[in-house]
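Welcome! Take a moment to look over the model below, and then we will walk through it together.

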Amino acid sequence: MTENLKVPKQAARQYPKPPEGSWTEHHPELDTAPVSYESSISPEFYALEREAIFKRAWLNVGRVEQLRRKGAFFTKELAVAKTSLIVVRGMDDEIRAFHNVCRHRGNKLAWTDHPGEEISGTCRQFACKYHGWTYDLEGRLTFILQEGEFFGIDKAAYGLVRVHCAVWQGFVFVNLAPEPEQTLTEFLGPMITAIEYPFERLTQRYAYRGDIRCNWKVFLDAFQEFYHPPILHGNQNPVMRQADYRDKGFYTSHFQIDGPHRVGSTTGGAGGKLVPEFYNPIERVMRSGLFGPWDPSEIVTDELPPGLNPGKKKSWGLDSFQIFPNFAIVFWETGWYLTYHYWPVAHDRLVFEANAYFAPPRNVRERLAQQLGIATIKEYALEDCGTLEATQMGLESRAVTTFPLGDQELMCRHLNKVVHTWVADYERSRAEG
Amino acid sequence: MADALLPAPFAALEPFVAAWCLDSEPERYAKRLSSSMDEIQAFYDAIFPRTEEAIRYLEQFPLDALPEDASRLLKLLYSLILISFPVEIWRQPAIPDTGTASFELELEPVP
């Protein structure tokens, strides 16, 4: 039996908890015990995650806007699966994914200058740099140099190795399993597939990337709780610097879990609706900042797109959807969105990708508001990046082995739980052969 | 003035063009980190009070057809955005406690 939480009266009124008394207890699959982060410091556990999670779950690798024309392609390095993929729009307009490996001697097929770096472009075929074996956009082997030198070779049997690929709302997903256990729609489940958002209209894209020395889950956890911002980011503006603001903390208005996925919704601060001191001088003159541009983009209407604000909160500023295992979409009230990808590289290392998508700006004022929005993201994200490397070091000391998670950190608790469930399922199926 | 770097109303900002009129965010961020707070503050003090006026001036052009002098002014405003943080928040060019952390902008729209 868990002891009741002691939430200050005003916060309890403003951010009511479910009837069970807490968000955590509202979800029967979660307990309230302290949590171990051994799974974030163990190379052995990471080896299991690679097989149990990253080779079984659907992974988002990009958007259809990156593949507008026939022959448009990009490569995706997946260190977590020790592979590279080619994702390409074929002459038949179908989007396919292949392992980026020549069938002849195993050379990586599409790369330029540095074999480990991602590329993109448009082409009519893929020719291997080594001996010139050539594949069409649908993956068929079309040319073998000195074909007559090969013993009884049948070109039809040497196409590129396909990877399962499916598209939801313009997001291109792959699944590395020989036969995925679920379709993409089944995997995403009702909470995520309820989202119908005009993604295709938000084509002004900024892409950030960071190489960070910490476990992917340790990093992701900071982006799925709003408990830390008043402290870690507490110097970002004069209001947050005030002691009483810090002491009050911040409350998430709504949490929801659906299968391995989760969402947290909060109030917002765009449009200058908080006290003026919350905003730095540049934010007031450019009408943008932490919450993105203050003025609604052209996609904003009186009604929110389906699937957003699932808790139907009156004061809504953003939804942070966490799509298992390593993908997040954050929707903001003024009509733009962010995606995050957490790509593990080792048990103590990840590549963090953040993409911001806006409506194409109609003038310099809108352009500058977007630029200030993405600059602010960097000021905050660098604070996270620095601190989370310190967290990894703290965890690796094993001086402390279990950690209390509060009700505001329910999403961290859920991810930890789902990861262990997937690994246990995998180990069970392997034991059963 | 045929060879003016900036639109005439903003001629007073010309001394800052050489240092702060840069084409990409990585160049601008590197410039922020390699500048002293005195240099940053001098640029901020010169351009920040002109921000609204500059936006109004630039708004008269389509975004994809900015004259060259206007385009330079816009790039100065992009630099202003990045150096506003050291001036308004950090009192130093770099964000505190970010040591070796990396978070680089690899793709950005032009202009």
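Predicted model: local features only at pLDDT ≥ 70, side-chain atom pairs only at ≥ 80, totals over all residues.

You can find Ile40(B) in helix 3 of chain B, which covers residues 37-47. Which residues is Ile40(B) in contact with, once neighbours within four places in sequence are left aside? They are Arg32(B), Ser35(B), Ile83(B), Pro86(B), Val87(B) and Pro93(B). Ile83(B) sits 43 residues away from Ile40(B) along the chain, yet 6.5 Å separate their C-alpha atoms.

Now step back to chain B as a whole. Its elements are 5 helices and 1 strand, and along the sequence they follow the pattern α-α-α-α-α-β. Chain B is as compact as a globular protein of its length, because its radius of gyration of 14 Å is close to the 13 Å that the globule rule gives for 111 residues. The C-alpha trace of chain B spans about 45 × 30 × 25 Å along its principal axes. Of the 111 residues in chain B, 32% count as buried. If you take the contacts in chain B between residues at least 6 apart in sequence, 74% of them join residues at least 24 apart.

In soluble globular proteins, nonpolar side chains tend to be buried together. Here, the largest nonpolar core has 132 residues, and Ile86(A) and Phe219(A) have the most contacts inside it. Helix 5 of chain B (residues 68-90) gives the most to this core, with 12 residues. Domain 1 and domain 2 of chain A each provide at least three residues of this core as well. Beyond its neighbours within four places in sequence, Ile86(A) has contacts that include Phe73(A), Ala97(A), Phe98(A), Leu109(A) and Phe126(A).

Chain A is divided into domain 1 (9-39 + 194-431) and domain 2 (59-179). The centres of these two domains, taken over C-alpha atoms, are 34 Å apart. Where they meet, 10 residues of domain 1 are in contact with 6 residues of domain 2. Strand 17 of chain A (residues 336-346) makes the largest share of the domain 1 side, 4 residues.

Chain A also touches chain B: 33 residues of chain A are in contact with 28 residues of chain B. On the chain A side, strand 12 (204-212), helix 9 (281-286) and helix 10 (364-396) each supply at least two residues. Helix 10 of chain A has the largest share, 16 residues.

The table sets out the residue classes on two of these contacting sides.

| Side | Nonpolar | Polar | Charged |
|---|---|---|---|
| Domain 1 of chain A, touching domain 2 of chain A | 7 residues | 2 residues | 1 residue |

Finally, have a look at helix 4 of chain A (residues 184-193). Phe187(A), Leu188(A) and Ile192(A) are buried there. These three lie on the same side of helix 4 of chain A, because they cover an arc of only 60° around the axis. Glu186(A) and Pro190(A), on the other side of the helix, are exposed. What covers the buried residues of helix 4 includes strand 10 (162-168), strand 14 (261-266) and strand 15 (318-323) of chain A.

Conventions. Residues numbered from 1 in each chain as written. Chains lettered and ligands numbered in written order. Core = buried A, V, L, I, M, F, W, Y, C linked by C-beta atoms within 7 Å. Buried ≥ 20, exposed ≤ 12 C-beta atoms within 10 Å, placed from the backbone. Domains from an automatic or database assignment. Contact = placed C-beta atoms within 7 Å. Rg over C-alpha atoms; globule rule 2.2 N^0.38 Å. Arc of directions from axis to C-beta. Nonpolar A, V, L, I, M, F, W, Y, C, P; charged D, E, K, R; others polar.
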